Amino acid sequence: GGGNVQRYDGGALSTPMPTTVPSAAEFFDLAVVSPAAAWMVGRHASMFAVAYWNGINWSLVPAPAVAGTLTKVVAGARVWVQGNGRIYETAGMQPDGGVAWQDLNVPAGMGNTLMALTPTTLLSAGSSGVSRRDGLGGCWVRESNTSIYVLGGGHGLVIGIDGSNRPISRSPTGTWSISSVTVPNGSYPLPFALGTSSWVLGPEG
């Protein structure tokens, strides 16, 4: 819930961080921009919910006025949130405490997950494949027709999990290659990258 946010200081988890977020709010992802700026997304009262950390406390801020749940937040040159198959963008907090959101009109079936390839480039994926959006204000370009439901990576590597629970990797030129390895069904794996190697994290199968 919204009342149990803790910070790791390098040695241990701190006591719950100050918050004015209602305890009934539920959050599912977090993105940290700096020690004085972080974002959480989820739902409250059956609507999209966004909370913001200003370096002092967490509080609810304006979210896209949509019923449902936000499940992903990514921070780069902008802040992007995902929910209900849609992706929204904001330039951040405004001086008056407002937040202006723009619907990025992600192609149908490609708004299940997202990640920032660079601070200004997004990847979005789902049952209909993968699309890339280059630059702020850019258009979506299809990269693959392969269904991908989880995206992760780092250090220049991008890894996904396709509809058959197989890892799929992306080359620097945007070519996707499916692995012969299958992740156990129901494991909800999380792909990530360490150095030059690709890994998939999930329960033992």
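**Overview. The protein chain holds 0 helices and 18 strands.** Helices (H or I, at least four residues) and strands (E, at least two) are DSSP runs, numbered from the N terminus. Of the 205 residues in the protein chain, 40% are buried, where buried means under 20% relative accessible area, with a 1.4 Å probe and protein chains only.

**View 1. Strand 6 covers residues 79-83 and is largely enclosed by the rest of the structure, because 5 of its 5 residues are buried.** Val79, Val81 and Gly83 point one way from the strand, whereas Trp80 and Gln82 point the other way, and all are buried.

**View 2. Strand 5 (residues 70-75) pairs with strand 6 in the antiparallel sense over 5 bridges.** Two strands pair if DSSP finds at least two bridges between them. Strands 5 and 6 form a hairpin with 3 residues between them, and Val79 in strand 6 is the bridge partner of Ala75.

**View 3. On strand 7 (residues 86-90), strand 6 has another antiparallel pairing, over 5 bridges.** Here Gln82 stands opposite Ile87 of strand 7. The hairpin formed by strands 6 and 7 has 2 residues between them, and Asn84 in the turn has a positive phi of about 55 degrees.

**Notes on the model.** Residues are numbered from 1 along each chain as its sequence is written, and side-chain values use heavy atoms, with hydrogens and water left out. In this predicted model, local features need pLDDT of at least 70 and side-chain atom pairs count only at pLDDT 80 or more, while totals for chains, interfaces and linings use all residues.

Methods:
Buried < 20%, exposed > 50% of the residue type's maximum accessible area, 1.4 Å probe, protein only.
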